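Please look over the sequence and the three-dimensional model together before reading on. The report below is a guide to what can be seen there.

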Amino acid sequence: MIVALELRRRSDEVIYRFERCVIDARVTWRRSDRDLYLTWRPGFGWGAWDGNVLQGRPWDVPEALQTSDIPPEGLWVSQKGAKSYSYDLVHL
């Protein structure tokens, strides 16, 4: 069973850890240092959400190939304001 996830930023090796939690009877993943969630949304797939603001998503796994139980490993991208980053999402 996957107990945690990490987003590892490629540019400087900063690591963000996410812990499994259940909100509204759905599995989601909460970042350990702030309220940012990796959440599955029907018709969209997995994304990193700050409330209703999309902060990041898988780069090369289309929604049709994702499963609703866990975010896909691999390349993720994010954008916040004028900055964008690439990450590797890793299951732990």
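## The model

This is a predicted model, in which local features need pLDDT of at least 70 and side-chain atom pairs count only at pLDDT 80 or more, while totals for chains, interfaces and linings use all residues. Residues are numbered from 1 along each chain as its sequence is written, and side-chain values use heavy atoms, with hydrogens and water left out.

## Strand pairs

Strand β1 (residues 4-9) is joined by 5 bridges to the antiparallel strand β8 (residues 83-91), and here Leu-7 stands opposite Leu-89 in β8. Strand β8 also pairs with β7 (residues 74-80) in the antiparallel sense, over 7 bridges, with Ser-78 opposite Tyr-85 in β8. The hairpin of β7 and β8 has 2 residues between the strands, and Gly-81 takes a positive phi near 65 degrees there.

Strands β2 (residues 15-23) and β3 (residues 26-31) run antiparallel and are joined by 6 bridges, and Cys-21 stands opposite Thr-28 in β3.

## Confidence

The pLDDT, which is the predictor's confidence in each residue from 0 to 100, averages 95 over the protein, and 100% of the residues score at least 70. Among the elements, β1 has the highest mean pLDDT (98) and β3 the lowest (94).

Key:
Two strands pair if DSSP finds at least two bridges between them. Helices (H or I, at least four residues) and strands (E, at least two) are DSSP runs, numbered from the N terminus.
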